[in-house]
Amino acid sequence: MKICYRCLGNDNLIHLVRSTGRRGRCDVCGENRQHVLPFSSIGPLIRNVAQCYYEVRDNYFHSGDPIEFLLQSDWNILSDELVSNHELVKQTIIGLLAAGINYDHDDDPPNYSSGTFLTQSELLSELWRDRLEEYLTSNRRMSLQGEQPGLPDVFEVVFEDWGREYPINSHFYRARVVTDRRQNEPFPLSELGAPPEGKPSSSRVSEKGVPVLYVASDASTALAEVRPWLDAAVAIANIRTTRSSRVVDLCNVPDIENPFEDELIVWKVQLQFLFDYLSYELSMPVIQGSEQSEYAVSQQLCHLMREAGYDGVTYQSSLGSGTNTAFFDVKVGEPTEAFYLRLVDLNYRTEPTSDIGPFYPERLHEELRP
Ligand SMILES: [Zn+2]
């Protein structure tokens, strides 16, 4: 059996067949003189992404989906012209999955033709939920716990993959609203860095009383983060790092360039899921009167990052267009100069809230709360 590049949907697969295939007849669409490759050349690539799914054998809660449905919707294997023909899609994808398999090395291969499958992508997120649930019920701080002595905890491996270095003299911004109407002198520079020890209330990143240096990647994000009111005067300080620092960067998810040839595909897809979930939790603005448990998710996450030896965490700002970094060691950055702005316009964009149910969407800590 052979397939032509025009029957394929994914760019990586199309490129492979166009660049290495010979001209011949396509057994899927019947066209002649197209670039084609035998099914057995493409089979291993499809099986590579198929590792992201497992066969449902005795799961009473989830029934799963046919493998061709999952592969087509997640990886766009076949071209749009073919997808309306369900039987052809099924035959082609099952044929590709079986092509060139060496059963001697695979004792119990998944039943692709009639089994149903679930995605493995959420396993890492589920592990995180389990630990969080344990924390919320026992109130014991989370801790890095390698499965076996000498082996790193799975989240240490995750952080390593998301890690990045800020060299010494990296520039950030930090804002502070002038709240005293009678103030007529600029703040001393020393008051534009991290709040002093014992002062800060709890936040997304740290427990009550533990100071953290919050900085933003650009001035307008720093401004948005302090949520100034109309007519407020705001100091924007330049913050320079005094040493190189290593942070977990939640904006730095490793790319999957070619999923069909990436040996770490299963892990990377799980990372992506965990990433999406954690960055949502970290970036949601904290509102007045929020319960302590609302902070739990991100506080415990940051606690683990600290334990793993990181200096901070970078994440997408939900209020500005740039990123925020929270440095656990407040001495990493110091203010070098400041300028002052007055807020003269606010763009209020709105949407109607829902008529029924809570005004704010339910979050994980509420769902898990004992
Ligand atoms: Zn074809």
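**Close-up A. Thr325 sits in strand 12 (residues 323-327) of this predicted model.** Count the C-beta atoms around this threonine and you find 25 others within 10 Å, so Thr325 is buried. Leaving aside neighbours within four places in sequence, Thr325 is in contact with Phe172, Val215, Val247, Gly312 and Thr314. Take Val215 from that list: Val215 and Thr325 are 110 residues apart in sequence, yet their C-alpha atoms are 5.3 Å apart in space.

**Close-up B. Three strands form an open sheet in the order 1-3-2, with antiparallel pairing.** Strand 1 (2-4) and strand 2 (22-24) stand at the edges; each has a single partner strand, so one side of each has no neighbour in the sheet. From one strand to the next, the twist averages 55 degrees. Strand 1 pairs with strand 3 (residues 34-38) over 3 bridges in the antiparallel sense, and Cys4 has Val36 of strand 3 as its bridge partner.

**Close-up C. Helix 1 (residues 11-20) packs on this sheet, where it touches strand 1 and strand 3.** The direction of helix 1 makes about 105 degrees with that of strand 3. Helix 2 also lies across strand 1 and strand 3, running at about 70 degrees to strand 3.

**Close-up D. Helix 2 (residues 39-50) meets helix 5 (residues 86-98), their axes coming within 6 Å.** The axes cross at roughly 95 degrees, which makes the two helices roughly perpendicular. On the helix 2 side, look for Phe39, Ile42, Gly43, Ile46, Arg47 and Ala50; helix 5 contributes Gly95, Leu96 and Leu97. The residues of this contact divide into 6 nonpolar, 2 polar and 1 charged.

Conventions. Residues are numbered from 1 along each chain as its sequence is written. This is a predicted model: local features need pLDDT of at least 70, side-chain atom pairs count only at pLDDT 80 or more; totals for chains, interfaces and linings use all residues. Axes are lines fitted to C-alpha atoms, for helices over the stretch in contact, and angles run from 0 to 180 degrees between N-to-C directions. Helices (H or I, at least four residues) and strands (E, at least two) are DSSP runs, numbered from the N terminus. Angles under 35 degrees count as roughly parallel, over 145 as roughly antiparallel, 65 to 115 as roughly perpendicular and the rest as oblique. Two residues are in contact if their C-beta atoms, placed from the backbone, lie within 7 Å. Ala, Val, Leu, Ile, Met, Phe, Trp, Tyr, Cys and Pro count as nonpolar, Asp, Glu, Lys and Arg as charged, and the others, Gly among them, as polar. A residue is buried if 20 or more other C-beta atoms lie within 10 Å of its own, exposed if 12 or fewer, and partly exposed in between; C-beta atoms are placed from the backbone. Two strands pair if DSSP finds at least two bridges between them.
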